[in-house]
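Please read it alongside the structure shown here.

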Amino acid sequence: MPYRKTRPHTSRLEQIKHSNTKVVMRLLPRIRNRQSLRINSVRKLVGQTRLRWAMARKRIQTLESDNSVEETIQHNLKSLKDFSNCRIELLIRPLSVIESVRHARSVLLIGPRNENDLLIASTYLDIPLNCVRGLDLISYSKQIDLGDMHDMPYEDNSFDVVICGWTMSYSNQPKVLADEMARVCRSGGVCAVGVEYSTLDEAGYEKLLGYSLAIEDLKRINSVKQINDLFGANLDQVFFSHDSPLKQSHTAEGKVDFPSSVASIFSIAK
Ligand SMILES: C[S@@+](CC[C@H](N)C(=O)[O-])C[C@H]1O[C@@H](n2cnc3c(N)ncnc32)[C@H](O)[C@@H]1O
């Protein structure tokens, strides 16, 4: 029988060490021109490479919260590898033209899920990635703190900009979340909130997904007024309002390609 050379067994981490991933990881600190992250394919390559690296090192951590929908973690882990969704740009791009935000040195993104929102914020707000923090119930990244948005692990007035993108609707205590956002944002700093417009109720979600993301006895936040009212006296100057003009929502019968979004950007007074 001819002698057959067998390849030595290598772990996933070992394989990655000898693949393109290692090359991209080495190049990352040299990406001085953050503008390149505006190209979707470049951002996707960078983001997915960093995620693969963390997964191989078993760095994914999760934290349960009684204040968010029960299925939050299971639902969001399914799309951890998705770096194509750019809806956060509805908040980041208007933020990028606000005068006071141009001088921002610390940005918090609540509920980024993966590093995609952070990379987009870094490029459009022209701020180094290490000045952009994320806070989520899921983390694999040194840039994303594992924590509950209803009880944030930050001192008062820690951030110039606080962004909560497509995450508020997971909360059964949105007023507590708004108070926390105002607390960690400095006076005169800017908060931005975006939510998906949705007419789905519990039964609708059950039919569409097999589980519900709706919160019993809590009116879904579907308008700028509802968002702004949560911030009460902390809401100062409103810079941008987007009240889902097309009112497109997923239904129990199926998903729409482009569900509408509601967004509000305003400064904080204390
Ligand atoms: C739908 S994703 C939003 C992802 C991204 N920001 C976007 O706009 O596409 C919602 C994220 O909020 C996080 N989240 C939900 N409840 C949270 C809580 N109590 N504290 C921190 N993060 C939470 C989820 O884990 C998830 O990653």
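By class, the shell around the ligand holds eight nonpolar, 10 polar and five charged residues; Ala, Val, Leu, Ile, Met, Phe, Trp, Tyr, Cys and Pro count as nonpolar, Asp, Glu, Lys and Arg as charged, and the others, Gly among them, as polar. The model is predicted: local features need pLDDT of at least 70, side-chain atom pairs count only at pLDDT 80 or more, and totals for chains, interfaces and linings use all residues. Residues are numbered from 1 along each chain as its sequence is written.

**Ligand shell**

- Of the 23 residues around the ligand, those that come nearest are S68, G111, R113, M149 and W166; a residue is near a molecule if its C-beta atom, placed from the backbone, lies within 6 Å of it.
- The elements giving two or more residues to this shell are α4 (72-77) and β3 (132-136).

**Overall fold**

- The protein has nine helices and nine strands; helices (H or I, at least four residues) and strands (E, at least two) are DSSP runs, numbered from the N terminus.
- Of the 270 residues in the protein, 36% are buried; a residue is buried if 20 or more other C-beta atoms lie within 10 Å of its own, exposed if 12 or fewer, and partly exposed in between, with C-beta atoms placed from the backbone.
- Among contacts between residues at least 6 apart in sequence, 74% join residues at least 24 apart; two residues are in contact if their C-beta atoms, placed from the backbone, lie within 7 Å.

**Helix α9**

- In helix α9 (residues 224-231), the buried residues are V224, I227, L230 and F231.
- These buried residues line one face of the helix, because they fall within an arc of 130° when seen down the axis of α9; the arc is that of the directions from the helix axis to the C-beta atoms.
- The packing partners of the buried residues of α9 are α7 (174-184), β7 (185-196), β8 (235-243) and β9 (261-268).
- G232 follows α9 and has a positive phi, near 45°.

- Most residues other than glycine have a negative phi.
- D217, which is not a glycine, has a positive phi near 60° and is placed in the loop between α8 (202-209) and α9.
- D217 is exposed, with 5 other C-beta atoms within 10 Å.
- S244, also not a glycine, has a positive phi of about 40° and lies in the loop between β8 and β9.
- S244 counts as partly exposed, with 19 C-beta neighbours inside 10 Å.
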